[in-house]
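Below is a short report on a metal site and a helix. Look at the model first.

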Amino acid sequence: MKILKVGDKTKSACDNCKAFVNASYQLRNVPFSDNSDIVKNVLVGVCDCCDAVISLPHQSTPLVKKQLEKQKGSIESRVPSHLIDILNLASFELSGSTDFVPMIVRYYLHNLSTRELSAKNIDKYLTSDLAKGKAQKRLSIKGRNVISDIENLKKITHISSTSDLIKSIILRINDDILLQKHPKSKKILKNLVAISS
Ligand SMILES: [Zn+2]
């Protein structure tokens with residue numbers, strides 16, 4: 001792999017100029033295509049005619065990946081220990097191991113926050129007996145959209161505390177997977193587990 005320096009020249013296609021143009025490698029702040037973030041000071045190919053960013057050299061990809069990792073985000077919540085047991089049992093029920101706990105929580109979080117699954121009455125779980133107990137165990141959930149999904153779901157459910165929200169999700173998982181009240185979710189999750197293991 002050839003390492004490029006600022007100012008090195010290349011030739012590349014420019015969408016803007018609709019031509020094959022002379023380009024130079026320059027440091028630029030480059031936004032993601034969905035405008036969700038910017039990679040700062042990264043070496044890119046810039047069109048000499050119109051100044052558009054037209055290529056990302058291989059040596060710049062670690063910087064882009066690093067920024068993507070940052071964007072992933074994570075939340076940490078403390079919950080009563082029996083709620084972690086519920087998640088472990090649900091994962092065991094779906095896959096035969098406890099490896100899929102984070103994926104199950106993310107599946108519910110995402111689908112409830114996008115209304116693919118109904119979040120109606122999910123707050124009722126907070127008054128149930130299983131919602132009680134000292135929050136003694138830590139649950140961490142990482143991934144793209146985790147933070148925005150939490151914010152959306154808070155708006156939908158009017159539950160303002162993150163740990164209450166997580167508790168409700170876990171008790172919903174208990175209903176759906178362990179008490180088998182929602183066989184459709186169980187089936188989808190089983191399929192997800194099958195293709196990701
Ligand atoms: Zn151009």
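The site of the zinc ion is tetrahedral, with angles of 103 to 114 degrees among its four donor atoms; four donors count as tetrahedral if all angles lie between 85 and 135 degrees. Ideal angles for four tetrahedral donors are 109.5 degrees. The donors are Cys 14 (SG), Cys 17 (SG), Cys 47 (SG) and Cys 50 (SG), at 2.2 to 2.3 Å. Donors are N, O and S atoms within 2.8 Å of the metal (3.2 Å for Na, K and Ca); water is not among the atoms, so sites may look incomplete. Along the chain the spacing is C-x2-C-x29-C-x2-C.

This is a predicted model: local features need pLDDT of at least 70, side-chain atom pairs count only at pLDDT 80 or more, and totals for chains, interfaces and linings use all residues. Residues are numbered from 1 along each chain as its sequence is written, and side-chain values use heavy atoms, without hydrogens and water.

Buried means under 20% relative accessible area, exposed over 50%, partly exposed in between (1.4 Å probe, protein chains only).

| Residue | Relative accessible area | Class |
|---|---|---|
| Cys 14 | 2% | buried |
| Cys 17 | 29% | partly exposed |

Now the helix. Helices are DSSP runs (H or I, at least four residues), numbered from the N terminus. In α6, Ser 185, Lys 186, Leu 189 and Val 193 are buried. Seen down the axis, the buried residues of α6 fall within an arc of 95 degrees (directions from the axis to the C-beta atoms), so they line one face. The face turned away carries the exposed residues Pro 183, Lys 184, Lys 187, Ala 194 and Ile 195. Cover for the buried residues of α6 includes α2 (81-95), α3 (101-113) and α5 (162-178), with contact meaning heavy atoms within 4.5 Å.

Conventions. Four donors count as tetrahedral if all angles lie between 85 and 135 degrees; four count as square planar and six as octahedral if opposite donors are over 155 degrees apart and all others between 65 and 115; anything else is irregular. Helices (H or I, at least four residues) and strands (E, at least two) are DSSP runs, numbered from the N terminus.
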